[in-house]
Amino acid sequence: MKSRFLSGVVICLVILVYLFYNFYYSVNFPYQDDFLLIQFIEVVSQGGLGVLGLITELFRTFNDHKAVVPRLIALIEYTITGHLNFRFYIVLVSINVTFIFYFIYLQYKKTRLPLYYFIPAAFLYFQPLYYDVSGWALNGMQHSFLTAFTVSAIILASRRTNLSLYGAMLCCFLATFTHGNGILSFPAIIFYFLCFKDFKRAIISGGFMILCLVIYLAGYESGQAVSLPKDLGVFFSSLFGFIGSAMSLWAFPELLSAIWGAVIIAFMVYIVWRVAAIYFNKPVNVKPGTAELLALFAFIFITSLVIALFRSWAGSTIASRFQIYASLSTVMFYILLLDYSSFFRRKAVFYTITALSVFYCVYSYYKFTGTVAIKRTTYLADVYNWKTNRNMFSVEKTIIRNGSFYLIPGYEKGFFHLPEPVVERDELDSMFNANATAARNYALYVEDWDIERVVRQGVEHLTAYFVASNAAPGGKGLAGDRFLVLRDQKTRVIHLLNANPKIDSRKEIITKMHYYKAGFNTFLREDDLVPGTYDMGILDVSNNGQKTFYKLDKSLFASGSAYSLK
């Protein structure tokens, strides 16, 4: 009893750290596809749509997806509060992610193994590998809700009653109209019934899937990212890597992810073969919970197959927005290994796996916190930029221009409420005026990177610029935010950008507990700034709102396509 209590405490602490982490780094600010929700509310708020018009807008295709459920959530929130809160959506995502893990726990519970064997599952799952799910409002709602609906459908299907079957079909319907691969929840349920030779319910599920697909294809518009693969090697690398990309933390991410995915798939095929004994009139030794886990893995595998088929033309499909499936695959692999092999229940083996899972979790936080913090600081900067200049740097200028016809009126009508900016424009102007000269040499430099972005028409060549210093200001703490402040010398317009420094070396982090290096690092696209010369400063803002300003010793010249220091 004592070991069960302590195991429960450890698992709950891992979950709470994850929840707090994602809440701290979230900002009530829309990013990229989040604009879809603002556009939807802008259209609906004008009135006169009627029931048919509202349904048409709810089911409208966007980038291959019919995001009906996220739109409906946004509509309900707007109806109740009068605005959209993107941080609230990220809280919903965290709830979904926790519920999905609860489904895994329910299947583990059927093994009747001690709870402490389940501890590695928490460390392997609750970490920021899939930060584009846990920290991006619309993307997170789509992937987390569709997976939550899928596991709910599996739970209902496992009850094997007619009423629960229709409940499962409703969940699959909701998954379908949450994200593009939601339709693949139906094959997962069909697979589950076939594990028990329940052909009647499998056929009924297939009928509902066809009906749902017909509804989905009505008015469907293919997105620009869809195309067939040109290379079998990239296809299989994407197929296996999608499932095994929990290993993408390490060196050679594509290779290790593909190998790990192949290992997981091979083991799952072995378990499926044991289940298939029922079709050969052989004794079936399938343990409780296995069919449910296999059904979820079937959904993940078919999703991987479809994405590799239609998206691997642009290269590997290893991406944070898909890696919740990789984490789930690894956790299910671990649980089935425990259940079907006594070797993994040996104390020495279990302690080794637990130690490795703890290290994996900690390393994931180390590797991705810098990226997650950059996103937070970028959004906080854009709260100021949007309120002050109706501009933002978190997305490309083309996206802002294309969306301005609904973003600007949507904001002015109050459809999305932004938090108070970390600093006001007059305050920044005063800081520049009070620091006429720089206090030291900041060893500034501009670095340019040539980037090739694969598009349908071929390869697009871009140049990314970084304005940086590795010398000063001194290293910032793990919390708080560092901004680059730019003031146009001619127009006096002031912009705010993320300036979090680069991550320090592992040795420095371990010996000195400094996560960040000294200095700062700011990313700029070729056309981010209007041509001109900009005064520069660094602004540090702590969690309690305390501000520290450093006037930099050089100006930034923007030509409209390149940057240099003056």
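This section describes the aromatic ring pairs of the structure and the lysines placed over ring faces. The model is a predicted one.

A total of 57 aromatic pairs is found in the structure. One of these is formed by Phe236 and Phe240, whose ring centres are 6.1 Å apart. The planes of Phe236 and Phe240 meet at 35 degrees, and the pair is therefore classed as tilted, given that stacked pairs require planes under 30 degrees apart and edge-to-face pairs an angle over 60. Both residues belong to helix H12 (residues 232-244), where a spacing of 4 residues places them about one turn of the helix apart. Phe236 has a relative accessible area of 39% and is partly exposed. Phe240 is also assigned to the partly exposed class, with a relative accessibility of 25%.

An edge-to-face pair is formed by Tyr465 and Tyr563, with a centre-to-centre distance of 5.3 Å and an angle of 75 degrees between the planes. This pair connects distant parts of the chain, as Tyr465 lies in strand S2 (residues 458-469) and Tyr563 in strand S8 (residues 563-565), 98 residues apart. Tyr465 has a relative accessibility of 9% and therefore counts as buried, the limit for this class being under 20%. Tyr563, at 7% relative accessible area, is likewise buried.

Ring pairs also join residues into a cluster, which comprises Tyr18, Phe101, Tyr102, Tyr105, Tyr108, Phe118, Tyr125, Phe126 and Tyr130.

Lysines are placed over the faces of two tyrosines, Tyr340 and Tyr31. Lys287 is positioned over the face of Tyr340, 5.3 Å from the ring centre. For Lys375, which lies over the face of Tyr31, the distance from the ring centre is 5.4 Å.

Conventions:
Residues numbered from 1 in each chain as written. Predicted model: local features only at pLDDT ≥ 70, side-chain atom pairs only at ≥ 80, totals over all residues. Heavy atoms only, no water. Phe/Tyr/Trp six-rings, centres within 6.5 Å; stacked < 30°, edge-to-face > 60°. Helix = DSSP H or I, 4+ residues; strand = E, 2+ residues; numbered from the N terminus. Buried < 20%, exposed > 50% of the residue type's maximum accessible area, 1.4 Å probe, protein only. Lys NZ or Arg CZ within 6 Å of the ring centre and 35° of its normal.
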